[in-house]
Amino acid sequence: MARISVYLADRQVLFREGIHFTLSGEEDIEVIGETTNNEEALSFIEANSPTVAILNINHSRPSGLEITHRIKQNLPSVASVLVMDNEDEEQLFAAMKSGASACITKDIDPDNLLVLIRDVAKGASR
């Protein structure tokens with residue numbers, strides 16, 4: 001099986017680095033880029049088509065929701081995982097409408113994150 005390429009975008013460097021560290025120990029997953037800026041994220045994703053893009057739902061313009069919607073229109077094979085600061089039904093509904101493959105909160109267990117990334121890389125929605 002090909003490696004799962006992941007792109008990370010979150011303004012909180014420590015959180016993003018924690019995800020990167022968790023993923024770096026996995027032979028089947030490779031972080032191909034990361035940023036704190038959503039404009040950079042969108043440009044990178046459009047040029048490099050990762051398997052999975054992990055984006056903050058509330059990040060600056062364009063928001064993670066807007067990026068996800070654009071990805072689903074132009075790059076339907078890229079799975080988007082949106083990160084929420086806390087569980088919010090309105091945000092979950094908006095995420096589903098945007099085409100997100102999954103939503104997580106920042107307190108996700110690292111093992112659960114690995115399972116989720118592998119699942120959405122295979123086309124599952126969670």
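Where is Ser101 found?

Analyst: A word on the model comes before the answer. This is a predicted model, in which local features need pLDDT of at least 70 and side-chain atom pairs count only at pLDDT 80 or more, while totals for chains, interfaces and linings use all residues. Residues are numbered from 1 along each chain as its sequence is written, and side-chain values use heavy atoms, with hydrogens and water left out.

Ser101 sits in the loop between helix H4 (89-98) and strand S5 (102-105). Helices (H or I, at least four residues) and strands (E, at least two) are DSSP runs, numbered from the N terminus. Ser101 has a relative accessibility of 8%, so it counts as buried. Buried means under 20% relative accessible area, exposed means over 50%, and partly exposed is in between (1.4 Å probe, protein chains only). If residues up to four places away in sequence are not counted, Ser101 touches Lys72, Ala79, Ser80, Val120, Ala124, Ser125 and Arg126. Contact here means heavy atoms within 4.5 Å.

Two of those partners, Ala79 and Ser80, lead us into strand S4 (79-84). Six of the six residues of S4 are buried, so this strand is largely enclosed by the rest of the structure. Ala79, Val81 and Val83 point one way from S4, whereas Ser80, Leu82 and Met84 point the other way. S4 runs parallel to S5, and four bridges join them. Strands count as paired if DSSP finds at least two bridges between them. Val81, for example, stands opposite Ala102 in S5.

Leu55 of S3 is in turn the bridge partner of Ala9, which brings us to strand S1 (residues 4-9). Six of the six residues of S1 are buried, so S1 is largely enclosed by the rest of the structure. Ile4, Val6 and Leu8 point one way from S1, and Ser5, Tyr7 and Ala9 the other way.

Now for H1 itself. Its buried residues include Phe15, Arg16, Ile19, Thr22 and Leu23. They cover an arc of only 125° around the axis, so they are on the same side of H1. That arc is the one spanned by the directions from the helix axis to the C-beta atoms. Among the elements that cover the buried residues of H1 are S1, S2, S3, S4 and helix H5 (110-121). The face of H1 turned away from its buried side carries the exposed residues Leu14, Phe21 and Ser24.

Arg16 counts as buried because its relative accessibility is 8%. Its side chain reaches the backbone oxygen of Asp10 at 2.8 Å. Leaving aside neighbours within four places in sequence, Arg16 is in contact with Leu8, Ala9, Asp10, Glu34, Thr35 and Thr36.

Thr35, one of those contacts, belongs to strand S2. Thr35 has a relative accessible area of 6% and is therefore buried. The C-alpha atoms of Thr35 and Asp10 are separated by 6.7 Å, although the two residues are 25 residues apart along the chain. The side chains of Thr35 and Glu40 are joined by a polar contact of 2.6 Å. A polar contact is a pair of N or O atoms within 3.5 Å; within protein, one must be able to donate a hydrogen and the other to accept it, and residues adjacent in sequence count only if both atoms are side-chain atoms.
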